[in-house]
Number of protein chains: 2
Amino acid sequence: MPHIDPKRLLNSLSEMAKIGGTQKGGVCRLAATAEDKTARDLFASWAKTENCEISIDQIGNIFARRPGKNNNLAPVVLGSHLDSQPTGGKFDGAYGVLAALEVIRCLNDSGIETGRPVEAVSWTNEEGSRFPPAMMGSGVFSGSLNLEKALSTQDINGISMSDALDAINYAGEHLCGNRTIHTYLEAHIEQGPILERENTTIGVVLGIQGIRWFDIIIQGREAHAGPTPMPARNDALIAASDLILQIEDIALQHAPDGRTTVGTVGIHPNSRNVIPGQVKLGIDMRHPDAGVLSTMKKELQAVFEKMRKERGVKGNIDEIWYSPPTIFDAETVDAIEAMATLRQYTCRRITSGAGHDAKYMADICPTAMIFIPCDEGLSHNEAENAKDAHLVAGAQVLLDVALARAGLLNADR
Amino acid sequence: MPHIDPKRLLNSLSEMAKIGGTQKGGVCRLAATAEDKTARDLFASWAKTENCEISIDQIGNIFARRPGKNNNLAPVVLGSHLDSQPTGGKFDGAYGVLAALEVIRCLNDSGIETGRPVEAVSWTNEEGSRFPPAMMGSGVFSGSLNLEKALSTQDINGISMSDALDAINYAGEHLCGNRTIHTYLEAHIEQGPILERENTTIGVVLGIQGIRWFDIIIQGREAHAGPTPMPARNDALIAASDLILQIEDIALQHAPDGRTTVGTVGIHPNSRNVIPGQVKLGIDMRHPDAGVLSTMKKELQAVFEKMRKERGVKGNIDEIWYSPPTIFDAETVDAIEAMATLRQYTCRRITSGAGHDAKYMADICPTAMIFIPCDEGLSHNEAENAKDAHLVAGAQVLLDVALARAGLLNADR
């Protein structure tokens, strides 16, 4: 069985982390920026050195294909994304892409010809920080998101995804999706504390939590902070603060899997001596069970109505996104567990709290993910980090499962 | 006793409101703009018609002087300001200036020769919207602000106050301040809801609330909203929300005069699926009693420390400004109350929640203010409004008190 080259994998991760690298050791590599282009170019140049055929599709996804014995067979696709949060870490996404590249390098080193083609993919705009929604490239590829709508999405400066991709020369011509994938595998840092706390090397990912996103507007009344007595106020921020604590309670009541986060706050007019007239909140709510997640939504609506009445403010609540829980392919999950065990890595089954490109891929092909621990469970943070041994172990399991799925024979399964 | 001419006063207010008038019925007359010049010119031309001597000082304050029997005596000065907020109302400031002009007109109509000179003043840049800080003209006149520093203040386009005053021909040559004022009186809309709610015509203003401004930083830890279990979080926004409710409580515990406002919120990274790592709050705290205001400051520090411990976050609190409470001259306050009662207007003692030019004048001479109700307590808002009867009543009390203070004899007190 071929082995990952630890030094090569870690060097590649380290080279990639320089692109958009921040002083605090993280990266800022927003989708379709100059930094994203440099990262894409580096990945593509490395893949070309490995004799891969590069193709760019209409949403800018990059596929690096290593041919198999029978190129009419559906490929095994491995990958993740190279874009980051504004204050992101160096492994979130990039690890999955470079572990996929390392798999191809190992196959080349060993002179192994797989039955099926093996492709390393870098999906466009997984983070959605600059162009919402998240997981745009895999969403369009899988047919869950509309290509034209995705391309017309604008960033806060009014630049469209289409123009941004053009500007970095990654508006490709290949048809997006519309082809059969045999298996999709994604290696990723856990982005949570569970594996580290349990001293476990490999997370065998069963699926992804369901997510609901809500926009809340609270409308009070702007007034001068000096002459307006406390009882005469309609302070939108006081109402919002009350609500934020109640939203936290919803998750606590659905422990240990329930999660609620108020991640964004917009306040108007945002002047120290003016009572806030309007507050906007952006809510993220998660649970692996669709039924519980629906209950949590009802609870949110109830605490919102209660807050409106008690605080005498107006406003509304809109659900802007629902992503149902995802359950990964049982056979592929079993294969990951088997390979991790064969390699004598400690492993456990785990549900992903974060969304991943694997979510959309699971809609169209057998899909699963491999998690490795990250320091203190931190991600979406410049301090995000992972141990060398874990990075190598995850890539090794990816290689083993990829090889098993791509086959050594002229497979037709 | 002479009477205000209601029609003349209301017509003058209405003419003045056309200058910089907005579609929503307010005014936009930022300091030292073309609109401010037109308003100043109109005031000066009206005052000249009343045979007043006009003088402009180095910071652009306009004094219209009606001589008395003994022009060596310190004058009684009445006034306010003609500049406005960007979306200001038609009475905030302009009312006090035109009520002062109406006093002079009435004295002329009645052929009354006062003992002391009576001056109507329009102070430069009370709002501070274009050139911070607020109350610049009266601040320099009273010696609290430095003339050169004020003149070098730049607007957001880099234009200095000095150049702006030159451009509108109101960079005067008269020495700013440095002379004795016998009494300063200012009529103003309340800018709060108290008089209207109590159906009271005249507010006898006892002074101006003390103000403390604080900046608070709460430092939690940024992490991914999906995979991070609730107990593993250090959410700066949850801590901030808890604190905001406790800051409100501080004011409620010092009812009815205590005021606390969290007017600004900055959140980092402000991304829906990232647990907020940092929140900045801007606090405005007011009370008319300096001792109570100090107690409230200690309570703020205590709830901040409690929040830090309970929520496991870091951070700090800085006081960035302290403006002590102002107590107006007791004799002048009594005179206002007496005159309002004689005229059979309902009246009550009240503390100003907002700053006014009278604050700086109180440092150098006996000072007091007359408040009238405004609709729904609204100001710094184009919808600001006041009732004709109240506008007339306030001017009448201003006339009566000015006359009492200026005297009919060759006073030397």
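Q: What makes up domain 1 and domain 2 of chain A?
A: In this predicted model, domain 1 of chain A consists of 6–209 + 325–406, and domain 2 consists of 210–323. The centres of the two domains, taken over C-alpha atoms, are separated by 34 Å.

Q: What makes domain 1 and domain 2 of chain A count as being in contact?
A: Contact requires C-beta atoms, placed from the backbone, to lie within 7 Å. Eight residues of domain 1 of chain A are in contact with 10 residues of domain 2 of chain A. On the domain 1 side, these residues divide into two nonpolar, five polar and one charged.

Q: How do you know that chain A touches chain B, and which element gives the largest share of the chain A side?
A: By the contact criterion, 56 residues of chain A are in contact with 53 residues of chain B. Helix H8 (236–252) of chain A is among the elements giving two or more residues to that side, and H8(A) provides the largest share, nine residues. The chain A side divides into 25 nonpolar, 24 polar and seven charged residues.

Q: What makes E9(B) and E11(B) a pair of strands?
A: Pairing requires at least two bridges found by DSSP. Nine bridges join E9(B) to strand E11 (residues 278–287) of chain B, and the two run antiparallel; therefore they qualify as paired. B:Thr260 stands opposite B:Met285 in E11(B).

Q: Why are strand E9 and strand E12 of chain B said to stand at the edges?
A: The open antiparallel sheet has the order E9-E11-E7-E12 (chain B). Strand E9 (259–268) and strand E12 (314–323) of chain B each have a single partner strand, so one side of each is left without a neighbour in the sheet. From one strand to the next, the twist averages 15°.

Terms used. Residues are numbered from 1 along each chain as its sequence is written. Chains are lettered from A and ligands numbered from 1 in the order in which they are written. This is a predicted model: local features need pLDDT of at least 70, side-chain atom pairs count only at pLDDT 80 or more; totals for chains, interfaces and linings use all residues. Domain bounds come from an automatic or database domain assignment. Two residues are in contact if their C-beta atoms, placed from the backbone, lie within 7 Å. Ala, Val, Leu, Ile, Met, Phe, Trp, Tyr, Cys and Pro count as nonpolar, Asp, Glu, Lys and Arg as charged, and the others, Gly among them, as polar. Helices (H or I, at least four residues) and strands (E, at least two) are DSSP runs, numbered from the N terminus. Axes are lines fitted to C-alpha atoms, for helices over the stretch in contact, and angles run from 0 to 180 degrees between N-to-C directions.
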